Structure formats: C-alpha cells, structure tokens
Number of protein chains: 2
Amino acid sequence: MTIHPRNEFSSMAAGAALALPIPGFPGPVQPTSLYPTGSEIYAQGELADSLYQIDFGCVRVYRLLADGRRQISAFHLSGEIFGFESGNTHHFFAEAIGATGVRVLRPGPGMEISQAILPLALQGLVRAQEHLLVLGRQNAAERVAAFLLDMADRQGGLECFDLPMSRSDIGDYLGLTIETVSRVFSKLKEKGIIRLPNLRSVEVVKWQTLRNLSE
Amino acid sequence: MTIHPRNEFSSMAAGAALALPIPGFPGPVQPTSLYPTGSEIYAQGELADSLYQIDFGCVRVYRLLADGRRQISAFHLSGEIFGFESGNTHHFFAEAIGATGVRVLRPGPGMEISQAILPLALQGLVRAQEHLLVLGRQNAAERVAAFLLDMADRQGGLECFDLPMSRSDIGDYLGLTIETVSRVFSKLKEKGIIRLPNLRSVEVVKWQTLRNLSE
DNA sequence: CGAGATCTTGATCTGACTCAAGAGTCGTGG
DNA sequence: CCACGACTCTTGAGTCAGATCAAGATCTCG
C-alpha cells in the first residue's frame with residue numbers, strides 16, 4: 001500500500017475566468033478559481049457551507065486512516081458537482097488532480113438549495129453504494145474493468161479517453177495496490193481488450209469483453 | 001463466498017398498527033405494514049416512489065452480481081428511513097431481517113419532500129462513502145471492529161446489544177466470508193475484547209481496544 | 001540531457017478464501 | 001418433554017489472489 005502523508009500544499013486559488021449561471025441553483029455564483037496540481041480544495045474537519053462545480057480538470061475526494069492508508073471515494077470530472085456533506089463539516093478531503101478550475105456555489109442564508117441539488121446528492125449516494133459492490137465483492141480484473149467502463153461512460157462513451165489520475169489514485173479508488181492495477185492493465189492490453197496510447201489515456205477495443213469482465 | 005439465489009418469496013405485507021406523523025414530512029403517512037422474516041420490501045428495477053421508515057425490526061439493502069455474489073450496502077434499524085433512489089427506479093433490493101414493521105412514506109404529487117429528507121439522504125451518502133474506506137482499505141479484524149462499534153452506536157451505545165442479522169449478512173456487508181467473520185468473532189472473544197452471550201447479541205468489554213482496532 | 005517521479009515486471013509471502021467436517025441452535029411434531 | 005432434522009455457526013487444513021519487496025524501464029520537464 002502506498003502511504004500518503006497529508007498534503008501540506010495550501011490551496012491559494014488564483015482567481016480566474018467568468019461566471020456561468022448553474023441551472024436551477026438559487027445562490028450567488030462565484031467566478032472560477034484555479035487549483036494547481038495536487039492542491040487542496042477542502043479538508044476533513046473544515047466548515048462545509050458550499051458546493052463546488054468543476055469547469056475543467058479532475059478532483060479526487062478521499063479519506064485517510066491514521067497510518068496513511070487512503071481510500072478515494074470518488075473522482076469528479078468536468079461539469080460535475082461535489083462537496084455534499086452531512087452536518088456542517090467536511091468528512092473528506094478534496095484535491096485537484098492536475099490543474100483544475102472550480103466554481104464555488106455558495107447558497108445565500110436561508111436559501112432553498114435542496115430542491116436543485118437533491119437529485120445530484122441522490123445520484124452520488126447511488127454511485128457510492130454501487131461502488132461498495134465493486135470493493136466488497138469483485139476481483140482485481142473486474143474492478144479495473146468497471147472503472148474503465150465508468151470513466152468511458154462519463155467522458156461521452158468515446159472509444160479513446162483520458163485517465164487524468166495516476167495508477168496510485170486508481171489503486172486507492174479500487175482498493176488495490178499500484179502493482180496490481182498495473183498488472184491488470186498489462187493483461188488487458190496483452191489480450192487486445194484495450195490499447196494504451198500513453199500512460200494517461202486508454203482506448204477500448206473490445207467493449208463487450210470488458211463489460212463481461214465487470215459482470 | 002455464499003451464493004444467494006434471488007429471493008422469490010413475495011412481500012405480501014399484512015396491514016397493521018397505527019399511523020404516527022413523521023416530523024417535517026409533508027406527504028400522507030401510511031399505517032405500519034408487517035414484513036415477515038426474509039420478505040422483500042422492494043426489488044431492483046421496481047418503481048421507486050416512496051420512502052420507508054422502520055417501526056421495529058431490521059432491513060438489509062443489497063445488490064447482486066449475475067453469479068449471485070451479494071453486497072449489502074446498508075442495514076437499517078428501528079426509526080431509520082431508507083429507500084432513497086436516483087431516478088424513479090430502485091437500484092437495490094431491500095428485505096426484512098426477521099419480522100419487521102415498516103411505514104411507507106408516499107409523497108403526494110408535486111410535493112416538496114426534498115427539504116425534509118435532504119439531511120437524511122446526505123447522511124446516507126456520508127455513511128456509504130465512509131464504508132468504502134472499510135471495504136477498500138481495512139483488514140478483516142478492522143472491518144469487524146468498525147461494524148461492532150457502528151452497531152453499538154446506533155443502538156444507543158449500550159455495552160450489550162443485538163445483532164439482528166446472520167453471520168452471512170455480516171460477511172456480505174463487510175466483504176468477507178462467513179468463516180472469516182466467525183474467526184474474527186472468536187478471536188475477539190478469546191482476547192476478552194467482547195463476550196457473546198448468544199449468537200445474536202454482543203457485549204463489548206474493552207471499548208478502547210475495539211476502537212484502536214478499527215483505527 | 002539528466003534527475004526524480006511514475007510505471008512495469010518479477011519473485012516471494014501472506015491474509016483471507018475454499019473446502020470439509022463437526023458443534024450448536026431452533027423449530028416441529030410425536 | 002424429548003427426538004429429529006435443518007439450519008447456522010465454528011474450527012481446521014490447504015490453496016490462491018493480491019500484497020509486499022525489489023529491480024528496472026519509461027516518462028516528464030526543467
């Protein structure tokens with residue numbers, strides 16, 4: 001297992017870009033802030049009073065054990081909204097993977113935000129519960145297949161797509177070591193199921209085989 | 001791994017009891033229905049237009065793989081509300097564990113249910129994401145310890161509490177086999193951390209040791 | 001071009017799974 | 001009340017998928 005010391009690199013988001021209104025969201029919308037590679041967006045224990053929408057880039061949301069073991073509970077891509085919490089403090093860490101533009105959605109006091117965000121929160125709940133099945137009951141190949149299909153799907157279903165995150169991130173999302181992730185990638189490539197044009201992108205050749213793998 | 005063939009036993013909930021209003025819930029409240037041991041409350045793919053509140057008993061919510069592998073995503077105890085879904089169909093199965101009284105909360109058409117249930121949905125989201133850490137990064141002893149602490153906490157923190165579910169259910173919740181669950185229970189007993197007055201209840205003797213185990 | 005990350009691959013180890021058998025528990029009916 | 005049968009749970013022995021440990025290879029970017 002890779003150990004991840006708590007990231008000390010503070011966010012210092014450089015202001016940027018123009019504000020786009022979010023459909024159905026009632027609060028004031030902030031302009032996009034740029035988070036550099038690896039910078040923290042929020043930390044466990046911090047006050048949670050906003051939601052975040054990604055303009056470009058990718059975010060990892062995770063939790064740590066005392067000894068540094070890490071579990072990434074979700075990756076969020078361009079357009080997605082994250083930062084839902086129960087109570088008013090964050091239960092997780094969120095960090096930018098690569099340079100990422102994030103827009104903060106801060107509901108005004110007494111604002112009725114729930115109607116707009118409930119479907120998003122519920123979608124997150126269903127996704128997390130579906131990921132439990134992957135972590136609890138699927139083997140390494142099935143986990144990687146499910147991950148690739150999910151990433152492809154969320155990037156529009158194109159045969160070739162980006163993997164903005166490292167093997168270490170993928171391992172910590174799938175509950176595997178980086179070595180096991182790497183071995184499964186190699187095996188899938190060797191069987192002609194995927195191609196790896198470079199380290200950070202994947203081309204799916206045999207969709208059905210991949211789907212069968214993830215069951 | 002234990003294989004669970006799809007439960008064919010249909011729900012046939014016998015009507016019962018009196019209606020108690022749920023604070024903050026705007027829709028009409030149904031009287032309690034009794035679900036016998038093992039009966040289905042809803043199935044994956046069914047129309048999802050209600051929430052459910054438990055009067056007494058316990059419910060398991062789970063998903064199945066094609067070959068019968070099962071992952072229980074949550075147990076719900078007396079007083080708790082479950083059945084949150086994204087879209088209008090169920091993504092999971094829900095079954096009564098033992099005889100269980102469930103009250104159906106059916107929001108009227110166009111009803112503003114979100115304000116009342118958002119905090120509950122978010123709590124479910126946080127719990128599911130925290131459980132991801134258990135399944136992805138903790139070993140068998142840590143998983144069982146976390147489970148026992150959670151069950152104790154949700155039953156009021158008493159030193160002695162019920163385990164309404166079987167070892168098989170616990171295994172399918174923690175991503176372990178029943179044999180491994182049983183071995184960890186035996187080991188905890190042998191070390192004097194817990195006592196097992198009978199198969200379906202636990203007494204925690206050394207809380208701090210258990211907490212240290214779950215990290 | 002070079003240094004540090006990141007990734008891949010190989011060899012070995014181990015925690016949890018599988019298979020198997022026995023013990024305990026519960027409900028039913030004689 | 002006890003005997004029987006069917007579960008459920010526990011325990012043991014052996015196996016295996018994925019972790020760990022250890023080199024190398026490749027990529028990135030100043």
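I began with the area buried between chain A and chain B, which comes to about 3,900 Å², with carbon and sulfur atoms giving 66% of it. Buried area here is the accessible area (1.4 Å probe) that two parts lose on being put together, summed over both. I noted that Leu132(A), Leu133(A) and Arg137(A) supply 20% of the area that chain A buries against chain B, more than any other three residues.

A note on the source: this is a predicted model, where local features need pLDDT of at least 70 and side-chain atom pairs count only at pLDDT 80 or more, while totals for chains, interfaces and linings use all residues. Residues are numbered from 1 along each chain as its sequence is written, chains are lettered from A in the order in which they are written, and side-chain values use heavy atoms, without hydrogens and water.

**Entry: symmetry**

I looked up how chain A is laid on chain B. A turn of 180 degrees with a shift of 0.0 Å along the axis does it, at an RMSD of 0.0 Å. That is the relation of a two-fold axis. The superposition is by least squares on the C-alpha atoms of residues with pLDDT of at least 70 in both copies. In chain A, the C-alpha nearest the axis belongs to Leu125(A), 2.3 Å from it.

**Entry: the interface**

I then looked up the contact (heavy atoms within 4.5 Å). It takes 41 residues from chain A and 41 residues from chain B. Of the interface residues of chain A, 100% are also interface residues in chain B, so the copies meet through the same surface.

I found 16 residue pairs in polar contact across this interface, both residues at pLDDT 80 or more. A polar contact is a pair of N or O atoms within 3.5 Å; within protein, one must be able to donate a hydrogen and the other to accept it, and residues adjacent in sequence count only if both atoms are side-chain atoms.

Which elements give two or more residues to the side of chain A that touches chain B? They are β5 (70-77), α1 (114-137) and α3 (167-174) of chain A. α1(A) gives the most, with 19 residues. Helices (H or I, at least four residues) and strands (E, at least two) are DSSP runs, numbered from the N terminus.

**Entry: salt bridges**

Side chains of opposite charge can pair when their charged atoms come close. I used the salt bridge rule: a side-chain nitrogen of Lys or Arg within 4 Å of a carboxyl oxygen of Asp or Glu. The whole structure has 26 salt bridges over all chains. The count between chain A and chain B is eight.

Asp172(A) forms a salt bridge with Arg137(B), the closest N and O atoms being 2.7 Å apart. Asp172(A) also meets Arg70(A) in a salt bridge (2.7 Å, N to O).

Is Asp172(A) buried or exposed? Asp172(A) counts as buried, at 2% relative accessibility. Arg70(A) counts as buried too, at 3%. Buried means under 20% relative accessible area, exposed over 50%, partly exposed in between (1.4 Å probe, protein chains only).

Another pair is Arg69(A) with Asp67(A), at 3.1 Å between the closest N and O atoms. Arg69(A) is buried at 11%, whereas Asp67(A) is partly exposed at 37%.
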